[in-house]
Amino acid sequence: MHQVSAALAAFLASFVEFVEALTIVLAVGAVRGWRPAMVGTVAGIALLIVLVAILGPLLALIPIDAVRLAVGGLLLLFGMRWLRKAILRAAGHIALHDEAAAFARETAQLRSAGASAVAHDWPAAATAFQAVVLEGVEVVFIVIGVGAASNLLLPASIGAGMAGSIVVVLGVLLHRPLARIPENALKFVVGIMISAFGIFWLGEGMGFSWPGDDFSLPLLAIVLLAFSLAAIPMLRRPGASAR
Amino acid sequence: MNAVLGILREVLHLFVDDGSLAVALILWSAAAFWLLPALPVNTGWDAVVLLLGYLAILGENLRRSTRRV
């Protein structure tokens with residue numbers, strides 16, 4: 001039960017992050033060339049691998065209840081932040097995230113910076129590097145957060161790996177941002193799943209027992225979903241359409 | 001240096017968007033951890049009370065946010 005939930009949560013959350021990183025890398029490639037885009041991307045991935053190689057063994061040294069408390073707390077903050085934004089977006093109070101607009105904004109910025117006169121376009125590579133590291137740190141956190149508290153690192157890693165592979169293949173094939181992905185709906189689902197994991201691990205770390213034990217995790221997700229779906233119409237701004 | 005600070009700021013931003021929400025969630029977690037075991041709450045219900053607290057905090061934050069957005 002938890003293995004499927006962990007893989008699915010990591011897949012969906014990582015998919016959103018990879019899509020956002022892809023948008024920036026594509027913008028760098030389209031405006032400044034594919035060489036700096038690839039240099040920045042590969043350097044970013046290398047840094048993330050080092051991060052995982054350092055953090056992974058460290059986690060094994062910490063008592064499991066402490067890991068559950070710490071990871072649960074961070075997942076709760078992370079998930080509730082996404083869920084809050086998703087509800088406010090669905091209720092029409094803040095603008096929807098738009099990958100096409102983000103791509104246009106990034107390409108305009110890169111163009112205004114002008115073409116690099118030197119052989120290595122380090123500013124462009126740095127832009128791709130920063131995007132890959134920032135979005136990648138979120139992926140690393142999600143995989144570790146969802147997986148570390150209950151030996152679920154493998155299914156979480158597989159979920160994130162599948163998401164990364166799909167986004168890379170789509171990016172190579174399409175060469176444009178994945179604007180048709182229902183990113184806000186994905187963030188809504190991810191916010192619910194990550195919050196459910198966070199609340200579950202926090203409760204476990206505090207020594208509380210959940211009714212239904214392992215089955216309480218999907219139940220938590222259902223309660224959060226019902227709460228959110230009930231909140232949206234109550235909070236909807238007059239004139240805002242249903243999304 | 002600016003890039004490193006920028007990355008650190010972004011990492012903090014992963015967890016904290018609305019500061020009042022983050023503070024309320026942390027305070028409720030700490031209060032539940034210390035107080036719920038001392039209350040005459042049946043085993044199994046302490047976790048439910050923990051969840052209800054989080055839902056109340058999210059609901060209140062959303063209500064305030066829609067007023068100020």
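Select chain B to begin: chain B has three helices and zero strands, where helices (H or I, at least four residues) and strands (E, at least two) are DSSP runs numbered from the N terminus. The model is predicted, so local features need pLDDT of at least 70 and side-chain atom pairs count only at pLDDT 80 or more, while totals for chains, interfaces and linings use all residues. Residues are numbered from 1 along each chain as its sequence is written, and chains are lettered from A and ligands numbered from 1 in the order in which they are written.

Follow chain B from the N terminus, and the elements run α-α-α. Of its 69 residues, 19% count as buried, meaning that 20 or more other C-beta atoms, placed from the backbone, lie within 10 Å of the residue's own.

Next, display both chains. Here 31 residues of chain B are in contact with 33 residues of chain A; contact requires C-beta atoms, placed from the backbone, within 7 Å. On the side of chain B that touches chain A, the elements giving two or more residues are helix H1 (2-15), helix H2 (19-35) and helix H3 (45-68) of chain B. Of these, H3(B) gives the most, with 13 residues.

Now select helix H7 (residues 183-206) of chain A. Its end C-alpha atoms are 34 Å apart, which agrees with the 34 Å that its 24 residues should span at 1.5 Å a residue, the expected span being 1.5 Å times one less than the number of residues. H7(A) is mostly covered, with 20 of its 24 residues buried.

Conventions. Two residues are in contact if their C-beta atoms, placed from the backbone, lie within 7 Å. A residue is buried if 20 or more other C-beta atoms lie within 10 Å of its own, exposed if 12 or fewer, and partly exposed in between; C-beta atoms are placed from the backbone.
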